[in-house]
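Let's take a walk through this protein together, one spot at a time. Have the sequence and the 3D view ready, and follow along as we go.

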Amino acid sequence: MTAQHTTTTPAPTLDLLARPSGGFAMVAMDQRESLRQMFAAALGERVGDERLTSFKLAVAREVGPYASGFLIDQDYGFGQVAAQRMVSGGLIVAVDRLEQEPDGPVEDTGIDERVDLVAAREAGAVAAKLLLIWRDDERRGRRLEIAAEFVQRCADAGLLSVLEGVAKPPIGTTAFDGPAAIREAARELAGLRPSLYKAQVPLGGAAPEERLVEECARLDEVIPVPWVVLSQGVERDDFPAAVRAACRAGASGMLAGRAIWSDVVGCEDVAAELRSRSVPRLRELAAIVDEHARPWTAR
């Protein structure tokens, strides 16, 4: 990822990713090997890169127009989405380099140096997103340095920065306080002042709503910037209540993928299923955001 050229244009604001209410109802379509795993689970076989790209572009065409922001990666569709202006909201480019085995989870991340932020902005992106796996281990300090570098590079390139922290236990550790780790990751990473912080839902969203509100309020206390929740780790049917709880506690909305389109993976008529399943889900989530989210300007 290069940023040798800096921009002199005015700094962008989160209005580029927000709904008129000031909240965020954004779609994530930057999954890579994890999406291939989803196809394998649905079809019983691994699929090639063309199948991944085709699915991502279908989501962009059918669901993207209803999203206030749309996140996609360079390898599987960013160029096409940008060139064809498929989405009406703000376009976000993923810049994370994922370290994972072909059929395993993401174990660590870094910055993908192949992504030119200035070129992405010129193509139509308004923001970049970096996922960081947060662990309390010997690499904790280095990850913080990477996050700080990402935030600065985005500012230099004239892009908003979306920093996503996913807390995991140190390798070989069995005892793990998930909500506490999510808070510590947020305190540390959001403290770097990205434009927007993307957080996990505490307890995987699998708790009564008032309990989730309590946990999300504790999370809100340590985040000094606008923040949204992601849907990974939350059952699809639980996600609307989780978004409502997070927004009631101070979040400004969501940036989610699986909760919106995961059950369409492997369907024969992807476009039709996205229209009948995914678009109504996104509209429901957007209504929740409009009613309950803290506007980003109120942070």
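Start by finding valine 126, which sits in strand S6, the stretch of residues 125–134. Keep in mind that you're looking at a predicted model. Is valine 126 buried or exposed? Its relative accessibility is 15%, and since buried means under 20%, valine 126 counts as buried. So who does it touch? Skip the neighbours within four places in sequence, and valine 126 is in contact with Leu16, Leu17, Gly90, Leu91, Leu159 and Leu160.

Next up, the aromatic rings. How many aromatic pairs are there? The count comes to two. One of them is made by phenylalanine 39 and phenylalanine 55, with ring centres 5.7 Å apart and an angle of 90° between the planes. Planes over 60 degrees apart count as edge-to-face, so this pair gets that label. Look at where the partners come from: phenylalanine 39 lies in helix H1 (residues 33–43) and phenylalanine 55 in helix H2 (residues 49–62), so the pair ties together parts that are 16 residues apart in sequence. Both partners are tucked away: phenylalanine 39 is buried at 2% relative accessibility, and phenylalanine 55 is buried with a relative accessible area of 3%.

Phenylalanine 55 has another ring partner, because it also forms an aromatic pair with tryptophan 261 that is edge-to-face by the over-60 cut-off, at 5.7 Å centre to centre and 70° between the planes. This pair links distant parts of the chain: phenylalanine 55 is in helix H2, while tryptophan 261 is in helix H9 (residues 258–261), 206 residues apart. Tryptophan 261 is buried too, with a relative accessible area of 0%.

For H2 and helix H10 (residues 270–292), the angle is about 50° and the axes are 10 Å apart. That makes H2 and H10 oblique to each other, and H2 passes H10 in a right-handed crossing. Which residues make the contact? On the H2 side they are Phe55, Ala58, Val59 and Glu62, and on the H10 side Val270, Ala271, Leu274, Arg275 and Val279. Sorted by class, the contact of H2 with H10 has seven nonpolar residues, two charged ones and no polar ones.

Let's finish in the loops, with a look at backbone angles. Arginine 193 has a phi near 65°, a positive value in a residue other than glycine. You'll find arginine 193 in the loop between helix H6 (178–190) and strand S8 (196–199). With a relative accessible area of 53%, arginine 193 is exposed. Leucine 203 also has a positive phi, near 65°, and it isn't a glycine either. Its place is in the loop between S8 and helix H7 (209–221). Leucine 203 is partly exposed, with a relative accessible area of 32%.

Notes: Residues numbered from 1 in each chain as written. Predicted model: local features only at pLDDT ≥ 70, side-chain atom pairs only at ≥ 80, totals over all residues. Heavy atoms only, no water. Phe/Tyr/Trp six-rings, centres within 6.5 Å; stacked < 30°, edge-to-face > 60°. Helix = DSSP H or I, 4+ residues; strand = E, 2+ residues; numbered from the N terminus. Buried < 20%, exposed > 50% of the residue type's maximum accessible area, 1.4 Å probe, protein only. Axes fitted to C-alpha atoms, helices over the stretch in contact; angles between N-to-C directions. Parallel < 35°, antiparallel > 145°, perpendicular 65-115°, else oblique. Left-handed = near helix turned anticlockwise from the far one by under 90°. Contact = heavy atoms within 4.5 Å. Nonpolar A, V, L, I, M, F, W, Y, C, P; charged D, E, K, R; others polar.
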